[in-house]
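Here's a quick briefing to read alongside the structure. Have the 3D view open and click on each residue as its name comes up.

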Amino acid sequence: MSSAATSTILVLNGPNLNMLGTREPEIYGTQTLDEVGILVAGHAKSLGLTSDFRQSNHEGELVTWIQQALGTASGIIINAGAYTHTSIALHDAFKSVNLPMIEVHLSNVYQREDFRHKSYLSLVASGVICGFGINSYLLAVDAMAKLLNPET
Ligand code: DQA
């Protein structure tokens, strides 16, 4: 990989994930989103990748970031929080840019309420990783590295 455009993974976090550490710690753990971002950056670096780690509580801002990834990132990892289960706009944004995308969740959403079993993102995801706490993010970085460089 020679240019920044082929080595940057955009890692997006949706609503309420800024509350990690204090939000329902029995479900989401006690580490903060900043700590997750540092772990993701270190893991991406060890695989020769750069991570661009962001969070927004606003659906439209996430849509804009997905659109801007075209030409600036080679893949997207997203924990869209509750927008996973509601957002046709995020679904359409991923279809528009057609970049490799991995959906992640800290919790195993299939062991939880029925409304969390539906994902508008899975339909357009390369794969889905859920239930491993913050390791879901690191597993997603591994999977993205493989997607981008199948020989490694
Ligand atoms: C979540 C699961 C979602 O159902 C929930 O709305 C979240 C977090 C997770 O990481 O487990 O905000 O995406």
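Let's start at the ligand: one of its oxygen atoms sits 3.0 Å from an N or O atom in the side chain of arginine 23. Keep in mind that this is a predicted model. From the ligand we'll move on to the nonpolar cores, and then to one serine.

**Around the ligand**

- Asparagine 79 has a polar side-chain atom 2.8 Å from an oxygen atom of the ligand.
- For histidine 105, a polar side-chain atom also lies 2.8 Å from a ligand oxygen.
- On its own the ligand would expose 320 Å², and the protein buries 99% of that.

**The nonpolar cores**

- The largest nonpolar core has 22 residues, and Ile77 and Tyr137 are the ones that touch the most other members.
- Four elements each supply at least two residues of this core: β1 (8–13), α2 (33–46), β4 (101–105) and α5 (135–148).
- Which of them gives the most to this core? That's α5, with six residues.
- Now click on tyrosine 137: setting aside neighbours within four places in sequence, its contacts are Val11, Asn13, Leu17, Leu33, Val36, Val40, Phe53, Asn79, Val104 and Leu106.

**A closer look at serine 119**

- Where does serine 119 sit? You'll find serine 119 in the loop between β4 and β5 (127–130).
- Is serine 119 buried or exposed? Its relative accessible area is 10%, so serine 119 counts as buried, the cut-off for that being under 20%.
- The side chain of serine 119 makes a polar contact of 3.1 Å with the side chain of glutamate 103.
- That serine 119 side chain also reaches the backbone nitrogen of serine 122, at 3.0 Å.
- Leave out neighbours within four places in sequence, and serine 119 is in contact with Thr84 and Glu103.

Notes: Residues are numbered from 1 along each chain as its sequence is written. This is a predicted model: local features need pLDDT of at least 70, side-chain atom pairs count only at pLDDT 80 or more; totals for chains, interfaces and linings use all residues. Side-chain values use heavy atoms; hydrogens and water are left out. A polar contact is a pair of N or O atoms within 3.5 Å; within protein, one must be able to donate a hydrogen and the other to accept it, and residues adjacent in sequence count only if both atoms are side-chain atoms. Accessible areas come from the Shrake-Rupley method with a 1.4 Å probe; for residues, only the protein chains shown count as cover. A nonpolar core is a set of buried Ala, Val, Leu, Ile, Met, Phe, Trp, Tyr and Cys residues joined through side-chain atoms within 4.5 Å. Buried means under 20% relative accessible area, exposed over 50%, partly exposed in between (1.4 Å probe, protein chains only). Contact means heavy atoms within 4.5 Å.
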